[in-house]
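Let's take a walk through this structure together. Keep the sequence and the 3D view at hand as you read.

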Amino acid sequence: LKRTKIKHLLQENEVGQTVNIKGWVRTKRDSKNVVFIALNDGSVIHNMQVVADPNRFGEELFKSIHTGACLSVTGEITPSQGSGQKVELAAAQIEVLGTADPEQYPLQPKKHSLEFLREIAHLRPRTNTFSAILRVRHAMAYAVHKFFNDKGFFYLHTPIITGSDAEGAGEMFRVTTLDLHNLPKNEQGGIDFTQDFFEKETNLTVSGQLEGELGAMALSEIYTFGPTFRAENSNTTRHLAEFWMIEPEMAFYDINDNMDLAEEMLKYLVQYALDNCMEDLEFLNQRALEEEKNKKQEERSEMSLLERLRFVVENDFQRLTYTEAIDILKNSNHNKKKKFQFLIEAWGADLQSEHERYLVEKHFKKPVILTNYPKEIKSFYMRENEDGKTVAAMDILFPGIGEIVGGSQREERYEKLKQRVQEIGIKEEQVWWYLDTRKFGTAPHSGFGLGFERMILFITGMGNIRDVIPFPRTPGNAEF
Ligand code: 4AD
Ligand code: MG
């Protein structure tokens, strides 16, 4: 008998069929004449209730079945007497595939803290919360590909190991095969990287954008979707040292086309989750509501998770310039409300997360697209505006998340870009190939990057980015 997934059995009417299921025990309830086992195989948030007659199987069998054990159960699907489920499985055969010693198994059928679960990241997918998040994460990855494929964008695989620093922020993890205890020296007394594997300095990519631009300058519209790495101080609830980024890059798009695409994509992803992940979202919605109760009144959000998701799909994002945002911040009465206490920055300063949260959560109460930032606080590749002071950058800010997307129209003018590269002190031998695209058939083009985990945070209503990636990498954490 072939295994059937529990999701299928709970959705289709299979009453009277004899089936086999396999999965992990969530709970076991014994009584003299009946044993109930809740079995979960991860295909769906719900368990299949297995009903067994202890007199038929003998007591010994059930002594070896505890929370966490893996079972194969064959039996008949019958209507359930219980209130929790429509059908259950009347066991005819039970095989223990793997036991789990209750003295040692860390997951007990009770609520564990997220902090504790992070310490057992190898087992946390066995919980309702994490299995729901992982299923939603899967659906979102699929939706990303579907969105772009349907639009005729091509998925471009950009390298993980690079010789450049796309963001120019110097937050790279080095890649080397040199013996760290015995580094070869060059004539200047520095490290002789010509003896390294790639015969030059290399690092893990911080972004696939620069290579993505090369793709757009031939295929017109591409996107990347891969892991990116930042050795920045990522000890916040919004930063990971290893995160996944989606980076579309489009020839012939200006900054407005870029904003339109980003807004359309974000709405599409949220709508996809609402259409395809409702069982998990309902569970996560309930979970988020319970979390809210533990917060102080002023910290509570006005909408539930599901309301927030629907709101994003149904409302236009607020678009404004950095300069307009600074004016709003200057005129705000933020100091009267404790939650939004912040210093008003002068024009030219980067916005802090308190500023972003004020704009999104207090002032506009909707997602915001900020454009035209001062060029000094943005990356070298962004297109300079007519005023000579700002660049055609765009950041999208989401409630509860802050920056979810960063992007820009790119500087397509060779002389301007070359000048900027020199001003900032980027070595031309690192980016000569990038500059080449501006020499040979340059074209206006734009793109952006969506932090995948920040999107999953928004969609699942979770509060910490470590809880929306299976194996989080943060300072001091690479155990699993
Ligand atoms: O704003 P960022 O640094 O932009 C870029 O990397 C551009 N190359 C994107 C582009 O134009 N193609 O990063 C883009 C997004 C941020 O808005 C944020 O959502 C996410 O990536 N992000 C992080 N997510 C998790 N952990 C981190 N340490 C992140 N840093 C950025
Ligand atoms: Mg950014």
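A word on the ground rules. This is a predicted model, where local features need pLDDT of at least 70 and side-chain atom pairs count only at pLDDT 80 or more, while totals for chains, interfaces and linings use all residues. Residues are numbered from 1 along each chain as its sequence is written, and chains are lettered from A and ligands numbered from 1 in the order in which they are written.

Now step back to the whole chain. The protein chain holds 14 helices and 16 strands; helices (H or I, at least four residues) and strands (E, at least two) are DSSP runs, numbered from the N terminus. Its C-alpha atoms fill a box of roughly 85 × 60 × 40 Å along the principal axes. Of the 480 residues, 38% count as buried. Buried means that 20 or more other C-beta atoms lie within 10 Å of a residue's own, exposed means 12 or fewer, and partly exposed is in between, with C-beta atoms placed from the backbone.

The chain is divided into domain 1 (6–106) and domain 2 (126–171 + 206–467), with bounds that come from an automatic or database domain assignment. The contact between them takes four residues from domain 1 and seven residues from domain 2, where contact means that the C-beta atoms of two residues, placed from the backbone, lie within 7 Å. On the domain 1 side, that's three nonpolar, one polar and no charged residues. The centres of the two domains, taken over C-alpha atoms, are 44 Å apart.

Next, find helix α11 (residues 353–364). Its twelve residues should span 16 Å at 1.5 Å a residue, and its end C-alpha atoms are 15 Å apart, which agrees; the expected span is 1.5 Å times one less than the number of residues. In α11, H355, R357, Y358, L359, V360 and E361 are buried. What covers them includes α10 (322–330), β13, β14 (390–398) and β15 (402–409). Just after α11, K365 takes a positive phi of about 55°.

N372, in strand β13 (residues 368–374), has a positive phi of about 55° although it is not a glycine. Is N372 buried or exposed? N372 counts as buried, because it has 21 C-beta neighbours inside 10 Å. F252 also isn't a glycine, yet has a positive phi of about 70°. F252 sits in the loop between β11 (242–251) and α7 (255–276), and with 12 C-beta neighbours inside 10 Å, F252 counts as exposed.

Methods. Ala, Val, Leu, Ile, Met, Phe, Trp, Tyr, Cys and Pro count as nonpolar, Asp, Glu, Lys and Arg as charged, and the others, Gly among them, as polar.
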